[in-house]
Amino acid sequence: GGIMNLSVKGMVERMRQRINTKRTIDALNKLNDRELADIGLHRAQIMSVATELLEIHRKERDDHGNSI
């Protein structure tokens, strides 16, 4: 039914978010300290930046009604 479908959609969305956040963290972790500095980041900021990017994408999706 409808409730089960919403629950599954929510689970899929959370999994997608975790995967995207992990991919961002992995990509940033592959950069050396100089490369991170070139884009204005310090290694200690990687987790918070990845989380913030997720929030930005979520807001854009919700504002535009599109799945990113």
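**Salt bridges along the helices**

In this predicted model, Arg58 and Glu55 sit together in helix α3, 3 residues apart, which is about one turn of the helix.

Me: Is Arg58 buried, partly exposed or exposed?
Reply: Buried would need a relative accessible area under 20%, and exposed would need one over 50%. Arg58 has 23% relative accessibility, so this residue counts as partly exposed.

Me: Which residues are joined with Glu13 and Arg16 into one network?
Reply: Let's start with the pair itself: Glu13 forms a salt bridge with Arg16, and both lie in helix α1, 3 residues apart. Salt bridges that share partners then link this pair into one network with two further residues, Arg61 and Asp62.

Me: Is Asp38 buried or exposed?
Reply: Asp38 forms a salt bridge with Arg34, with the closest N and O atoms 3.2 Å apart. The cut-off for exposed is over 50% relative accessible area. Asp38 has 55%, so the residue is exposed.

Me: Where is Gln45?
Reply: Here we leave the salt bridges for a moment. Helix α2 covers 33–38 and helix α3 covers 46–64. Gln45 lies between them, in the loop between α2 and α3.

Me: How many salt bridges are there?
Reply: Each one needs a side-chain nitrogen of Lys or Arg within 4 Å of a carboxyl oxygen of Asp or Glu. By this rule, the count of salt bridges is 8.

Key: Residues numbered from 1 in each chain as written. Predicted model: local features only at pLDDT ≥ 70, side-chain atom pairs only at ≥ 80, totals over all residues. Heavy atoms only, no water. Helix = DSSP H or I, 4+ residues; strand = E, 2+ residues; numbered from the N terminus. Buried < 20%, exposed > 50% of the residue type's maximum accessible area, 1.4 Å probe, protein only.
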